[in-house]
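Please keep the sequence and the model at hand while reading.

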Amino acid sequence: MDKKIKIAPSILAADFSKLGEEISAITIAGADYVHVDVMDGHYVPNLTIGPEVIKDIRKCTKIPFDVHLMITPVNPLLEDFAKSGSDIITFHPEAEDNPKATIEIIKSLGCKVGISLNPSTEINVLDKIIEDIDLILVMTVVPGFGGQSFMHDQLEKIENIRKLIDATGKDIELEVDGGINFETSQLAINAGADVLVAGTSTFQGGQDNYANNISKLRSRS
Ligand code: DX5
Ligand code: ZN
C-alpha cells in the first residue's frame with residue numbers, strides 16, 4: 001500500500017495576528033508538520049521569524065515542527081533553534097563551509113536533519129551526506145517568498161532523488177516546497193515526494209476550509 005502523504009503547512013501564509021490559533025486550526029485539520037520558514041534578509045531577501053517566536057507557538061500543538069532555515073551562517077543559531085522546540089532542522093548546504101559538521105551539530109542537539117536544494121543546486125551535493133540525513137527538501141521555487149509558481153523543471157530532480165533515497169534503503173523523507181496547489185501536489189507525489197509543504201493552498205479560504213484543503217493536497221488522483 002502507498003505511504004500516506006504528509007502535509008506541512010507553511011505558516012508564512014497564516015494570519016500572523018493570530019498565529020497560535022492558526023496552528024491549532026491546522027492541527028485539528030490534519031496537518032502532519034508545522035513548516036516554519038526562517039529567513040534572515042541575507043541568505044534570502046526576506047525577513048521572517050526566529051527562535052523566540054517558535055518557542056511560544058510550539059505550545060499550540062504536539063505535531064512536529066519542521067524548521068526550514070534560509071539563513072547564513074547556520075551554526076551560531078542552531079542551539080537556539082533546537083531549544084525552541086524544533087524537531088527537524090533543515091538548512092541549505094551552501095550556507096555553511098562544512099555542511100557535514102553542521103549535520104553533526106544538529107544531531108547532537110537531538111533534532112532530525114534536513115538538507116534543502118535550491119532549484120539551481122545539483123543533486124551531487126547529496127553524494128557525501130545522504131547517509132547522514134533524515135530529510136531532503138527540494139525547492140520548487142527560488143526561496144524567499146510564499147505564493148510563487150511551481151517550477152516544473154524540478155520534477156526530474158525529485159524523481160532522481162527518489163531513486164537515490166530508495167537505493168540507500170534508509171528512511172529519508174523527500175519533501176517538496178514551493179508553489180504546491182491541488183494540481184502541482186499530484187505532480188510532486190507522482191515524482192516521489194513523501195511530504196508536501198503548502199502555504200497559500202493550505203491557508204486559503206479561512207479556517208473552515210483547512211481540513212478540506214489538506215485532504216485535497218494529500219489525495220492521489
Ligand atoms: C519559500 C518557502 C516556502 C513557501 C511556501 O522560500 O520556503 O515554504 O513559503 O509557500 P507557498 O506554498 O505559498 O508556495
Ligand atoms: Zn520552506
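## Strand 2 and the zinc site

V34, V36 and V38 point one way from strand 2, while H35, D37 and M39 point the other way, and all of them are buried. Here "buried" stands for under 20% relative accessible area, "exposed" for over 50% and "partly exposed" for values in between, computed with a 1.4 Å probe on protein chains only. Strands (E, at least two residues) and helices (H or I, at least four) are DSSP runs, numbered from the N terminus. In a regular strand, side chains alternate between the two faces of the sheet. With 6 of its 6 residues buried, strand 2 is largely enclosed by the rest of the structure.

The model is predicted: local features need pLDDT of at least 70 and side-chain atom pairs count only at pLDDT 80 or more, whereas totals for chains, interfaces and linings use all residues. Residues are numbered from 1 along each chain as its sequence is written, chains are lettered from A and ligands numbered from 1 in the order in which they are written, and side-chain values use heavy atoms, leaving out hydrogens and water.

Strand 2 pairs with strand 3 in the parallel sense over 6 bridges; two strands pair if DSSP finds at least two bridges between them. The bridge partner of D37 in strand 3 is H68.

Which residues coordinate the zinc ion (ligand 2)? They are H35 (NE2), D37 (OD), H68 (ND1) and D177 (OD), at 2.0 to 2.3 Å. Donors are N, O and S atoms within 2.8 Å of the metal (3.2 Å for Na, K and Ca); water is not among the atoms, so sites may look incomplete. Along the chain, the donors of the zinc ion (ligand 2) follow the spacing H-x1-D-x30-H-x108-D.

## Burial of selected residues

The table lists relative accessible areas.

| Residue | Relative accessible area | Class |
|---|---|---|
| D37 | 7% | buried |
| D177 | 8% | buried |
| S185 | 0% | buried |
| G206 | 29% | partly exposed |

S185 belongs to helix 6 (residues 184–191). Leaving aside neighbours within four places in sequence, S185 is in contact (heavy atoms within 4.5 Å) with I180, L196 and L217. G206 lies in the loop between helix 7 (200–203) and helix 8 (210–218). G206 and D15 are 191 residues apart in sequence, with C-alpha atoms 9.6 Å apart in space.

## Nonpolar cores and the cis bond

A nonpolar core is a set of buried Ala, Val, Leu, Ile, Met, Phe, Trp, Tyr and Cys residues joined through side-chain atoms within 4.5 Å. The largest nonpolar core has 63 residues, of which I11, V36, L69, I136 and L196 touch the most other members. A second, separate core of 7 residues includes A8, Y33, I88 and L137. Beyond its neighbours within four places in sequence, L69 has contacts that include V38, V74, L78 and F81.

Most peptide bonds are trans. The bond from T72 to P73, however, is cis, with omega near -5 degrees. P73 is found in the loop between strand 3 (65–70) and helix 3 (78–83).
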